[in-house]
Amino acid sequence: MTNQIVQGILLGGYYALIACGLSFMFSVMRIINLAHGSLAVAAAYLIFVLSERAQLPLWACFIVAVAVMAVAGWLIQRLILDRSARGGQLLPILSTFGLSMVIENALFEQFGADTRSLASAIGDLSWDSWELPGGLYVGKLPVLIFVTAVVLLAGLQLMLSYTRIGRAIRATAEDPDTAGLVGIDARRVNAVAAAITLVTVTIAGMFLGMRATFEPYSGAPQLLFAFEASVIGGAGSLWGTLAGGIILGLAQTCGASLHPLGFLIAGHGVFLIILFARLMFPDLASMPARLIRRGAAA
Amino acid sequence: MSLVVSPSMVQRWTRLSRRAAAAVVIVLLGLAVLPGVLGAGAIDRLAALFVYVIMAAMWNALAGYGGLVSVGQQMFFGLGAYFTVRLAETGLDPFVAMGMASLLVAVVSYPLSLVMLRLKGGEFAIGMWVVSALTHLMVNLDGLIQGETGRSLISLNAYAPGARRDIIYWLALVAMTGLLGGLFALLRNRTGASIQAIRDNEEAAGSLGIDVTRTKRLIFVLAAFGIGVAGALWLASATTFQPKTYFSVQWTAYMIFMVLVGGIGRFEGAILGAVIFFLIETWFGALGVWYLIGLGVVALLFSLFMPLGLWGAIETRFGVSLMPVGYRLEIPPQSRKD
């Protein structure tokens, strides 16, 4: 039981990692990007190609992938999101869904249905573990992922709170027109925010490839997990995303021990139960955020 | 010079739309006798076209009129097929089972609407997807279906292949006519005015005293029912139920494509979109993955550059409406002179 809880929490780190970009983009641009999962898978393929075919060391692959994906984020914002967001609330959903269809099938065309993994690029790390007192084993990779998630969330939080671009992003999220009055170019800020989002997506995609296998259509489940984690945690709150990821991870690990399909069923189930509870008792909606604020104040 | 020569008139039917209505009746009658004329392959394909029209019209009702973009409508498609298999196992005639299964889908969708309609925009879109994924897993758990093994609609064997094909064709035709006719009638009465007001501006509609939630719930259940019918019909012509084929998000992708290309929120648009999708599938479906990439690119381009779709463009350009669900103001030429 303790083992499952530990593994569940660590798994939650991965979900927080994949969810934070979705949550970040939603809080800044009010857009839920349906291509989020496919983009993470695309990043994983990019790193895979660089490492397997170009034989680059992993850190170099990662840096190249981050740069490429950041530019892709900028372009996606400029060419697609910016334009479709002007057409109302519904169009971005449709255009990002179209984008995900293109990405998934293009990946399939290029790489076929074989599942891939980045495990060979990280050698021992994929199975190494530490033994904790009480006969508990924790994998080094899940711990690394969890720590990365915490560092990334903290970094985003600091960036939003203390840097110039962070302030501009918050101002734009609050009210783009008023932000424009004080000289903030909302289009540029959104493009930067999209680029940052895709950096987080690349990190998530890399870890997806390290901890599991992926194939061209892996994006859809990743999108669902990311969405579930960010909604459970209270959409738009970065630390809530971590809490949401952990709750999702715990539910899945416990579900998996009951039934082969339990992993997914328990995850979706917990998400719907929390959603339902929150809709019935609206006060609960702001609970995680309030608790965190109180915790931070104390 | 008199101030007002003749008053302007509020019209629904124009000469063009009356002719269009007559043409629709003739086309439907023509379609009804086709099984005696065309070969088996063509009849199967036409039945598929009718299913596409149903799906496009239902997704359009939800998104175009209700303002509810769902990425989980494959759930109702899958449930329509699953319930049919389940009911047919009890010894029910397969065609009766199809009808009852569709009604069951509508019944199931009602409590779901109570929860899901509280979500907004993208949250509703992906929330529906999550529910669909969960439903898929639950169907996997059914001992009759055995995971992804699936189950066939064996009782269809009671019908000879030729008769079976014709019955499915006629059922699809009747279902399409009924659902489209029902939607058309709904959009033209008082509820329809509410629905279109909600589409244009939800808050404004609410402030006029329209019960937004009740109206949306009606569309939600209608769309679920219609897509359930589509799933049951698809199962009847494919005969085998395999969960992952029916609960695939691909179905929603097709619906989105048809409605985006045809014209979202336009009654004629969904039908046009379904016909275009059908033609593209017939001509390019064999290209496999490139065909899917092409669908994605076209959907993306339409959402960016032609968000009202082809019918929206035609309507704005020429001011025509074949299936009038709104009103139009006709100003006689002489009063313009004043």
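Student: What makes a residue pair between chain A and chain B count as a polar contact, and how many are there?
Tutor: The count between the two chains is two residue pairs, both at pLDDT 80 or more. Each has N or O atoms within 3.5 Å, one able to donate a hydrogen and the other to accept it (residues adjacent in sequence count only through side-chain atoms on both sides). This is a predicted model, where local features need pLDDT of at least 70, side-chain atom pairs need 80 or more, and totals for chains, interfaces and linings use all residues. Residues are numbered from 1 along each chain, chains are lettered from A and ligands numbered from 1 in the order written, and side-chain values use heavy atoms, without hydrogens and water.

Student: How do you know that chain A and chain B are in contact?
Tutor: Contact requires heavy atoms within 4.5 Å, and 41 residues of chain A meet that rule with 40 of chain B. The buried area, meaning accessible area (1.4 Å probe) lost on putting the two together and summed over both, is about 3,600 Å², with 87% from carbon and sulfur atoms. A:Leu94, A:Phe97 and A:Met101 supply 17% of what chain A buries there, more than any other three residues.

Student: Why is the pair A:Arg187 and A:Asp82 called a salt bridge?
Tutor: The rule asks for a side-chain nitrogen of Lys or Arg within 4 Å of a carboxyl oxygen of Asp or Glu. The side chains of A:Arg187 and A:Asp82 meet at 2.9 Å, N to O, and form a salt bridge. A:Arg187 lies in H9(A) (186-211) and A:Asp82 in H3(A), so the pair ties together parts 105 residues apart in sequence.

Student: How many salt bridges are there over all chains, and how many between chain A and chain B?
Tutor: The count over all chains is nine, and between chain A and chain B it is zero.

Conventions
Helices (H or I, at least four residues) and strands (E, at least two) are DSSP runs, numbered from the N terminus.
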